[in-house]
Amino acid sequence: MKALVLAGGSGTRLRPITHTSAKQLVPVANKPVLFYGLEAIAAAGIREIGIVVGDTQAEIEAAVGDGSSFGLQVTYLRQHAPLGLAHAVLIARDYLGDDDFVMYLGDNFIVGGIRDIVDRFVRERPSAQIMLTQVGDPRQFGVAELDAAGRVVGLEEKPARPKSDLALVGVYLFTSAIHEAVAELKPSWRGELEITDAIQWLIQEGHGVESTVVSGYWKDTGNVTDMLEVNRLVLESLDGRVGGRVDGASELIGRVVVEPGAVVERSRIVGPVIIGAGARVLDSYLGPFTSIAADCVISSSEIEYSIVLPRASISGVSRIEASLIGHDVEVTPAPTTPRAHRLVLGDHSKVQISS
């Protein structure tokens, strides 16, 4: 079995961060969200992986390399435009050959990995196996309709009138039968080749399509709110450790990770929190569910429930909450004083904030 990982999207819902960074490389607990998917694929026993890339190909390749650090053999497949999930299967046809494969959306996050669903697929070998989860607003997703026996009888992409609240999770397993289905597709009203239409074709042609309702946790990290929620979830599972320097005037409460080379002075850190290598936290308060990436400087400031990307500098700010702050951002005080700030800042921004 091979894996096909989709990492070619433009990440419009995470702008301005994704104007200069691949959305799949935005970090969760200081590790790119894409890496969690690659680790899950490797843990399921899959070794050959094709990564579909677009305009951010160079950045993805620089981060992942040849895949050896994950125990994988990576081949990069260029998609010149994001024309749908089924289009990614189409351009990967030669790479996939007649092998079974798992298709994994690179910005999705699934707790518990995919080993169980891969093992089930290998045992039963339906033409397609999908993962489903209940969602509040299924109009934003591909939606599955099940019959009374729980069999998949229909799929629809972002329907105006959903027939269920069961959305497709961004992990699919296929035999080579999917290639015949993709070859029959025409672009949808969105101008894309929809994987839901391909699976619907399999159903209509009498192929076996099985589903599993996800009992664990799944998130599409395509927006800031979901990214912060996934960061919270991952930080919850951290074990505290101190590899850097924490002075005697500082207080660490709960699960706090201080990476080697990081410095904490005269500060109060309430976990779960991770402070990246080379970062400096001085005269500050870091509250729960905060990730400070490598080489950041946090000085005389308060931050909680936020993600701060590498080399950002925050100085003299009374309170930052529920924020995603990009690479090389500088945040400093301004004259007036709101009680809290919520920020989504692009890379290399410079912002003055009241304190």
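**Aromatic rings and their partners**

Modeller: Phe101, Tyr172 and Phe174 are joined into a cluster by ring pairs. The model is predicted, so local features need pLDDT of at least 70 and side-chain atom pairs count only at pLDDT 80 or more, while totals for chains, interfaces and linings use all residues. Residues are numbered from 1 along each chain as its sequence is written, and side-chain values use heavy atoms, with hydrogens and water left out.

Five aromatic pairs are present in the structure; rings of Phe, Tyr and Trp (its six-membered ring) pair if their centres lie within 6.5 Å, and planes under 30 degrees apart count as stacked, over 60 as edge-to-face and the rest as tilted. One of these is the edge-to-face pair of tyrosine 36 and phenylalanine 109, with 5.2 Å centre to centre and 70° between the planes. Because tyrosine 36 belongs to helix α2 (residues 33-43) and phenylalanine 109 to strand β7 (residues 108-110), the pair ties together parts that are 73 residues apart in sequence. Helices (H or I, at least four residues) and strands (E, at least two) are DSSP runs, numbered from the N terminus. Tyrosine 36 is buried at a relative accessible area of 16%, and phenylalanine 109 is buried at 7%. Tyrosine 172 and phenylalanine 174, by contrast, form a stacked pair, 6.1 Å centre to centre with 10° between the planes. Both tyrosine 172 and phenylalanine 174 are buried (under 20% relative accessible area, 1.4 Å probe, protein chains only).

Charges also meet rings. The charged end of lysine 2 sits over the ring of tyrosine 95, 4.6 Å from its centre (NZ of Lys or CZ of Arg within 6 Å of the ring centre and within 35 degrees of the ring normal). Arginine 232 lies over the face of phenylalanine 289, 6.0 Å from the ring centre.

Definitions and conventions: Buried means under 20% relative accessible area, exposed over 50%, partly exposed in between (1.4 Å probe, protein chains only).
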